[in-house]
Amino acid sequence: MSAHVSPVRTYVVIFLALMAGTALTVWAAFQDLGALNNVVMLTIAVVKATLVVMYFMHVRHSSRLTTMTILAGIFFLLILFSLTLADYATRDWLTVAGH
Amino acid sequence: MSDSHGHDSLPGLAHQFDSYEQQRESASLGMWAFIVQEVMFFGGLFVTYLVYRREYAAAFAAGSHHLDVKLGAFNTAVLIASSLTMALAVRAAQLGKKKPLIGFLVGTILLGSVFLGVKTVEYSHKWHEHHVPGPHFAFESTGVHGEPIDPHNAQIFFSLYFAMTGLHALHMIVGIAILLWLIFHAARGRFTPDNYNYVEGTGLYWHFVDIIWIFLFPLLYLIGRH
């Protein structure tokens, strides 16, 4: 059994979607959305990254073991971010004597 | 049990694998394990960026305003285009089409080189503007909205800018070296629809480097632009 071969059309459509996402993120950055600017920016980046992973990196057609490996990586990345922020983001919540 | 060096009737199939499919699956899984640890490697820099940006938001916005959005957006487009040519190179390898494979690999190298060329121009601007961290670093003491900022904190932004884009550029240079190696072997007809794992693995690596830039571009170039 050979690996799945995606049609050229799929790659071109994903390429165009990534280009549109880039244009959208530049446009959105110049709009005043308040705190939402960061949310919009990161949402577009995550969508773009997901398209690359699913289509360019063929994860859509890969084994469950590969998918599991990637999800484990994302899980540990989230631990890195959440535990670090659990420290830095909460430091000024309590007033400690002498500070 | 006589065959300890390979499968005589199956060229390119290493002796420890039962089939091309198993070999391909193993190569892909190994590459993903590498990419996941690369994600954690870059993750350290991203989390550092997050912690300092929370602390010095105004200085980070001021630093970001000195980056060229047009060059950054152009480079993002160039890198996405190089991911397309890389994906088409892998497709050509899957179909056993040698000439398109080499053509798309060359295209990927050219686009990667354009990216690095633009990066060199940007770094050179930063050098002349004294925005390279170190003894010659100089920065204004007012932010985007006229608020006072500490130039030292803008220096932290530029330290992260050079560390993150520099590490990214280093990955691009390594990627181009691997692509040259691939072209050499592709020209000798080494890749077949059964065995193109080196092309697939290089593709995974190249797309991963593209993904890092997809996050770097908005985080570095587009802060507080409105």
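Good morning, colleagues. Please bear in mind that what you see is a predicted model.

I shall begin with chain A. Its domain assignment gives domain 1, residues 1–57, and domain 2, residues 62–91. The centres of domain 1 and domain 2 of chain A, taken over C-alpha atoms, are separated by 21 Å.

Let us turn to where the two chains meet. Here 39 residues of chain A are in contact with 38 residues of chain B. On the side of chain A that touches chain B, at least two residues come from each of helix H1 (8–29), helix H2 (36–56) and helix H3 (64–88) of chain A. H3(A) gives the most, with 11 residues. Sorted by class, that side of chain A has 25 nonpolar, 12 polar and two charged residues.

Now to chain B itself. Helix H1 of chain B, residues 20–55, and helix H6 of chain B, residues 197–221, have axes that come within 10 Å and cross at roughly 20 degrees. Angles under 35 degrees count as roughly parallel, so H1(B) is roughly parallel to H6(B). The crossing of H1(B) past H6(B) is right-handed.

Which residues make this contact? From H1(B) they include B:Met31, B:Ile35, B:Phe42 and B:Tyr49, as well as B:Arg24 and B:Glu38. From H6(B) they include B:Leu204, B:Phe208, B:Ile212 and B:Leu219, together with B:Asn197 and B:Glu200. By class, the contact of H1(B) with H6(B) has nine nonpolar, four polar and three charged residues.

Thank you for your attention.

Terms used
Residues are numbered from 1 along each chain as its sequence is written. Chains are lettered from A and ligands numbered from 1 in the order in which they are written. This is a predicted model: local features need pLDDT of at least 70, side-chain atom pairs count only at pLDDT 80 or more; totals for chains, interfaces and linings use all residues. Domain bounds come from an automatic or database domain assignment. Axes are lines fitted to C-alpha atoms, for helices over the stretch in contact, and angles run from 0 to 180 degrees between N-to-C directions. Helices (H or I, at least four residues) and strands (E, at least two) are DSSP runs, numbered from the N terminus. Angles under 35 degrees count as roughly parallel, over 145 as roughly antiparallel, 65 to 115 as roughly perpendicular and the rest as oblique. A crossing is left-handed if the near helix is turned anticlockwise from the far one by less than a right angle, and right-handed if clockwise. Two residues are in contact if their C-beta atoms, placed from the backbone, lie within 7 Å. Ala, Val, Leu, Ile, Met, Phe, Trp, Tyr, Cys and Pro count as nonpolar, Asp, Glu, Lys and Arg as charged, and the others, Gly among them, as polar.
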